Amino acid sequence: NVAYYTRSMGPFLSNMHFSGLWKPLRENKEIKHIVFTSFWISNSGINISDEMSRLIKYFEKSNKQIYLMQDVPSFEKYPNVCLRWGDCSDPTPRSIYNSSNSYFIEFEALSVKFKNVFAIKIEDIFCNEFTCNLDINGEVLFSDRNHLNVDGSKYLGLNFLNKKNSTKEGMYEWISNISSY
């Protein structure tokens, strides 16, 4: 089962929009995995590492796996334009990842500090060393400049499930359980 909860700012304990969500999530024993995603870069002036550390500690005794997802790329091009011109690669997101990715370094540090936390690097799924792509083999993955469409969500989900760079047993156990459905 998947639930999606959209609010302004990040999913922090200090964000009042999420206050009614945390306790039921923590206490429900059927919920085993929580994926946190946000437009992290937009949370300026907030110490994301401290906020997420508090949130992780809040869930620590509930035996849940926590996944901290990096932002998806934000493109200068629109998908319909890139298809028309036949070029869906864009160097802009790569430069943004390189210049404002300090929060993800903090996510990686949190994944080392807490055994139940995994940092998921989205840029490796959509980008190479120089550019990011709105499409894969001509199949557009975004509905606009920074939102995945259904195909993009499936592509991200499959890559998330098949991610092999984690050494934590829980990730592999989760992948094998999900893959059996």
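I take a salt bridge to be a side-chain nitrogen of Lys or Arg within 4 Å of a carboxyl oxygen of Asp or Glu. The model is a predicted one, in which I read local features only at pLDDT of at least 70 and side-chain atom pairs only at pLDDT 80 or more, while totals for chains, interfaces and linings use all residues. Residues are numbered from 1 along each chain as its sequence is written, and side-chain values use heavy atoms, with hydrogens and water left out.

**Entry: salt bridges**

By this rule I count two salt bridges. I looked up Lys-77 and Asp-87, whose side chains meet in a salt bridge at 3.3 Å, N to O. Lys-77 lies in the loop between S2 and H3 and Asp-87 in the loop between H3 and strand S3 (89-90), so the pair ties together parts that are 10 residues apart in sequence; helices (H or I, at least four residues) and strands (E, at least two) are DSSP runs, numbered from the N terminus. For burial I use relative accessible area: buried is under 20%, exposed over 50%, and partly exposed in between, with a 1.4 Å probe and protein chains only. Lys-77 is partly exposed at 24%, and Asp-87 is partly exposed at 38%.

The other pair is Arg-54 with Glu-51, where the closest N and O atoms are 3.4 Å apart. These residues are three apart in helix H2, which separates them by about one helical turn. Arg-54 is partly exposed at 44% relative accessibility, whereas Glu-51 is buried at 10%.

**Entry: Phe-75**

I then turned to Phe-75, placed in the loop between S2 and H3 and buried, with a relative accessible area of 1%. Leaving out residues up to four places away in sequence, I find that Phe-75 touches Asp-90, Pro-93, Cys-132, Asn-133, Leu-134, Phe-142 and Arg-145, contact meaning heavy atoms within 4.5 Å. The C-alpha atoms of Phe-75 and His-147 are separated by 9.8 Å, although the two residues are 72 apart along the chain.

**Entry: helix H5**

I checked the length of H5 (residues 102-113): at 1.5 Å a residue its 12 residues should span 16 Å, and the end C-alpha atoms are 17 Å apart, which agrees; the expected span is 1.5 Å times one less than the number of residues. I list Tyr-103, Phe-104, Phe-107, Leu-110 and Ser-111 as the buried residues of H5. Seen down the axis of H5, these fall within an arc of 105°, so they line one face of the helix, the arc being that of the directions from the helix axis to the C-beta atoms. They pack against helix H2 (48-59), strand S2 (65-69) and strand S4 (117-120). The face turned away from that buried side carries the exposed residues Ile-105, Val-112 and Lys-113.
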